[in-house]
Structures are given as structure tokens and as C-alpha cells.
Amino acid sequence: MKKSYAIKVPIKYAKKTKVIIKLNNIQNKNLKLRKDKKFIYYPIKELDNNKLIKFKKVKYIEIMLTSFEEQEKKIQSYKENLKLPDNLKKHLPTSYDIIGKIALIKLPTQLLKYKKNIGISILKSKKNIETVCLVKPVEGELRTRDIQIIAGKKQTKTIHKEFGLTFFVDVKNTYFSPRLANERKRVASLVKPGEIVVDMFTGIAPFAVMIAKYSKAKIIYAVDKNKKAISLAEQNVKINKVIDKITLFNDDSKNIKKILEKEQVFADRIIMNLPFSAHDFFIYALDIISENCIIHYYTIIKEDEIEDKIKDLKKIAKVKNVFITRYNTNKIKSYSPREFYMGIDITVKK
Ligand SMILES: C[S@@+](CC[C@H](N)C(=O)[O-])C[C@H]1O[C@@H](n2cnc3c(N)ncnc32)[C@H](O)[C@@H]1O
């Protein structure tokens, strides 16, 4: 308990008084307000003479000195209450990803010994987090990652919200990056009414759902080889109410030509979010383009390698007798000191 000046008012004047306190910016935010049956006590800062006179004139207000409970101090960062040898503090990551109620953190070897304490500190610093996972980079064909729960509830499935959309995610068995949220929104904003869109590596379908919800695309065909990802994608399509806009396929995107032939359509826009291997699939994407198609091609690349990458893609286009007429690049996030997760919007014409 701590002593402080207070404004005491009958409960029926609480709302009015709250406004006055706010307007005058006199609330003592370090203390919790207190109530009894008849009165409410607002902790306030010490008042200057002018304000004191002004408040004393208000009939129902009484100014007094009383005791209040202290507010729990808000922890700004997980580093604040973490006990760690001083020489190791500099190795603590400045950020970590949050997917729904799960935090995913990467730690350097020196800190692995302290992983449990680090996990607990994250839980304490963020009320909405239930689980903290130590993660390694995504790997393998299905772009999943090795995960170890270091604190909190034993779960790898969660519900993530993004731009008003709901996504069921399994952080262990499927790929999902919350850092691509703005990119998904940007791509959706480029889609023109009536477009046929193909998402060749859809994962749990965040691009497809975003486009279905925030554009007037005619239909989105979304493919992924990972059965678990497609199963979550089905749930995401349902929960976001876009069943009539998205058709899902649990298949290899090397079969994309066959898939679209059955549907008797060509793509006006293609999303290729498979950064380390998109290059190997570019030739398959060119099999399904309409007369004028935009390909959102994602890659991990150094800035000075972009020109060569485009030259390379132009060579593949030539084999298929199509032309890359325009491209523009967007840096999405850093990958390593010199490499970026880069999006390239490529215009291809037949
Ligand atoms: C980097 S993730 C992107 C997922 C999703 N587009 C997103 O933004 O969250 C790449 C996805 O491609 C899928 N994948 C890998 N090889 C594939 C292939 N040959 N055919 C179809 N999907 C494939 C993986 O299972 C994974 O879900």
C-alpha cells in the first residue's frame, strides 16, 4: 500500500469525475483506484494551488490523503526480469515471432543452457502467450521446423489472427510466417476483379484466404504437397467463409498443368512462395499462364544477385516461348546480414 492524494466522490458521480481527471491529466497511474459501498477513490498526483481551488469548488468532490494498492509494473521486454550472466545478455535476441498464443524464439548456442528461464520470462512479459518454443530454421521440402517447447502449455497448434482473418496453424508440422502479413495484404490489393489466381505452395492457405477475402478474384486454386497443411487450409477456408472462392489440392505443383487443364483455365496471377526452390518450379508456372500474367516470385537473395536471377528466369521463359516484360522487387525481411527474403513481381506475356 502507498499513500497518495485522492479524489473521493459518491459512486453516482464516478463517470463525471473520471472525465474531469482525464481532462486534467492528474491520475496517478502507478496506483489502483479503490471503491467501497458509497464512494470511489481516485489516486491523483499532487495538485498545484490553482487546480486545488478549482476542484474544491466542485460540490461532490473531496480531496484527501489515503492509501492505495500499487499497480503491477508492466514488463516491457522479456529481458527485464531475466537472470543471466552479464556477459551473455548481449546475445539475447531482440525479437521473436508470435503465432497465435505461441512464441517462437531462436537462441544462439551460448544461451541454450538458459532456455527454460528465457521461456518463462517471455511468458511473464506477454499475457497472451501460452507456449514458448525454441526453433531452428525451417528446413526440408515441406518447410517445417524442429521445435522444442521450453515453457508453458504443451501445444503446437494455435489460432492466429491477421487483418481480421483467422488461421489455424500448427507451428511444428506446417509452415507459417506472421512476418509476411503485409506482403499478403499487398498482393491481395493488386488482384483485379475476375482474376484467376494460382497459389502453387499454399501451406495453410494464408495468401489464398487473404486474396479471397480482400479482392474480387474469380477463383483461387491453391496447391500444397503437405497433407497436414492442406487439412488446416480446409479449416481456414471454412472459418473465413471463402469456400466458394478457393479450391484446394493436396498435390505436387509439378502437376499444376494437369490440374488446371482439368479445370480448363489459365492463371492471371501466380504465387510462388517457396524461396529456396521456386526457381525449379518456374518452368511449371509458365505452363499455366494466361496471355498476360503476373507471378509473385519469392526468393532469398543478396541485392547484387537480383539482375542475374532475372537473366536466369528470362532464359527459362525463352524455352517456353514467353517473355518477361517487367519486374519489380520488394524486400520483405532480412534473412542473414546480406540476404533478404525478396518478393519479385514478374509480368510474363505469351
Ligand atoms: C515457404 S512455405 C509457404 C506456405 C504459404 N504460401 C505461406 O505463405 O505461408 C512453402 C510450402 O510449399 C510446400 N511445398 C513444397 N514443395 C512442394 C511441391 N513440390 N508442391 C506443392 N507444394 C510444395 C510446402 O509444404 C510448404 O507448405
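## Basis

Two strands count as paired if DSSP finds at least two bridges between them. Strands (E, at least two residues) and helices (H or I, at least four) are DSSP runs numbered from the N terminus. The model is predicted: local features need pLDDT of at least 70, side-chain atom pairs count only at pLDDT 80 or more, and totals for chains, interfaces and linings use all residues. Residue numbers start from 1 along each chain as its sequence is written.

## Domains

The protein is divided into domain 1 (2-68), domain 2 (86-155) and domain 3 (179-349), with bounds from an automatic or database domain assignment. Taken over C-alpha atoms, the centres of domain 1 and domain 2 are 44 Å apart.

## Strand β14

Strand β14 (residues 267-272) is largely enclosed by the rest of the structure, because 6 of its 6 residues are buried (20 or more other C-beta atoms within 10 Å of a residue's own, with C-beta atoms placed from the backbone).

Strand β11 (residues 196-199) runs parallel to β14 and is joined to it by 3 bridges; valine 198 has isoleucine 270 of β14 as its bridge partner. β14 also pairs in the parallel sense with strand β15 (residues 289-302), over 5 bridges. There, isoleucine 270 stands opposite isoleucine 295 of β15. From β14 the chain passes through helix α9 (residues 278-286) to β15 in a right-handed β-α-β crossover (clockwise from the first strand over the helix to the second, with the strands pointing away from the viewer).

## Ligand shell

The ligand is surrounded by 21 residues, the closest being Phe201, Gly203, Lys225, Asn226 and Ser253 (C-beta atom, placed from the backbone, within 6 Å). At least two residues of the shell come from each of α6 (206-214) and β12 (219-224). Because domain 2 (86-155) and domain 3 (179-349) both give residues to this shell, the ligand lies between them.

Conventions:
A residue is buried if 20 or more other C-beta atoms lie within 10 Å of its own, exposed if 12 or fewer, and partly exposed in between; C-beta atoms are placed from the backbone.
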